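Here is a walk through the aromatic rings of one structure. Start with the sequence and the model below.

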Amino acid sequence: MNPDFFTRGAVMKQLTLYFKEGIGQLLKPARPAKDTENGVLTQAERAFFLAKERAAIGRWAEELAAGFLQAQGLKILERNVRERFSELDLVALEGKTLVFVEVRCRRKNPVMSAQDTIGPLKWRRLLRGAELYTLRRQWRGEWRLDLVSVDVGHERWHLRWLRYLEMEGAEDRGC
């Protein structure tokens with residue numbers, strides 16, 4: 001009998017074990033998605049929010065939202081995609097569903113939260129942007145609009161993820 005046979009056999013057995021472990025990891029059920037997350041602002045972040053640089057605050061919120069969504073199992077495909085009349089903050093994939101995510105950030109306010117800042121005009125722009133994106137890329141599968149809102153207080157932030165957005169009456173207003 002060839003002595004290399006046992007060596008090759010042992011290698012094949014080890015490769016088979018690695019393969020089974022890899023398949024087992026792929027087949028594990030996904031973690032349940034969270035809808036909210038809270039965090040504490042560092043002293044540098046507090047100073048950053050007091051500076052009132054809207055573009056930088058928006059980038060911070062988008063980065064926070066992207067990290068949160070990736071932790072929930074979404075794959076971020078693109079960021080800040082400009083379509084006619086609209087900008088799509090995040091484009092992600094959840095399973096076989098394309099997800100367009102609008103990220104809104106606002107300092108904590110007793111009158112209006114970040115999620116309340118989307119009106120009918122913004123809604124129509126998001127919808128048109130998503131439709132153009134799917135047409136240009138010839139997407140034939142399912143897609144949806146989601147919202148990630150980030151409310152920032154003096155010492156804490158609160159992130160909320162709203163899936164499957166719909167806005168009643170937006171079409172009726174001629175937006």
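**Rings and their neighbours**

At 30% relative accessibility, Trp143 counts as partly exposed; that class lies between buried, under 20% relative accessible area, and exposed, over 50% (1.4 Å probe, protein chains only). The model is predicted: local features need pLDDT of at least 70, side-chain atom pairs count only at pLDDT 80 or more, and totals for chains, interfaces and linings use all residues. Residues are numbered from 1 along each chain as its sequence is written, and side-chain values use heavy atoms, leaving out hydrogens and water.

Now look at the ring pairs. Rings of Phe, Tyr and Trp (its six-membered ring) pair if their centres lie within 6.5 Å; planes under 30 degrees apart are stacked, over 60 edge-to-face, and the rest tilted. By this rule there are three aromatic pairs. Phe100 and Tyr133 have ring centres 5.3 Å apart and planes at 80°, so they are edge-to-face. Phe100 sits in strand β4 (residues 97-107) and Tyr133 in helix α4 (residues 120-136), so this pair ties together parts 33 residues apart in sequence. Helices (H or I, at least four residues) and strands (E, at least two) are DSSP runs, numbered from the N terminus. Both Phe100 and Tyr133 are buried.

Phe100 also pairs with Trp143, edge-to-face, at 5.6 Å centre to centre and 80° between the planes. Trp143 belongs to strand β5 (residues 143-152), 43 residues from Phe100.

Arg163 places its charged end over the ring of Trp161, 4.1 Å from the centre. The cut-offs are NZ of Lys or CZ of Arg within 6 Å of the ring centre and within 35 degrees of the ring normal. Arg144 lies over the face of Tyr164, 4.5 Å from the ring centre.
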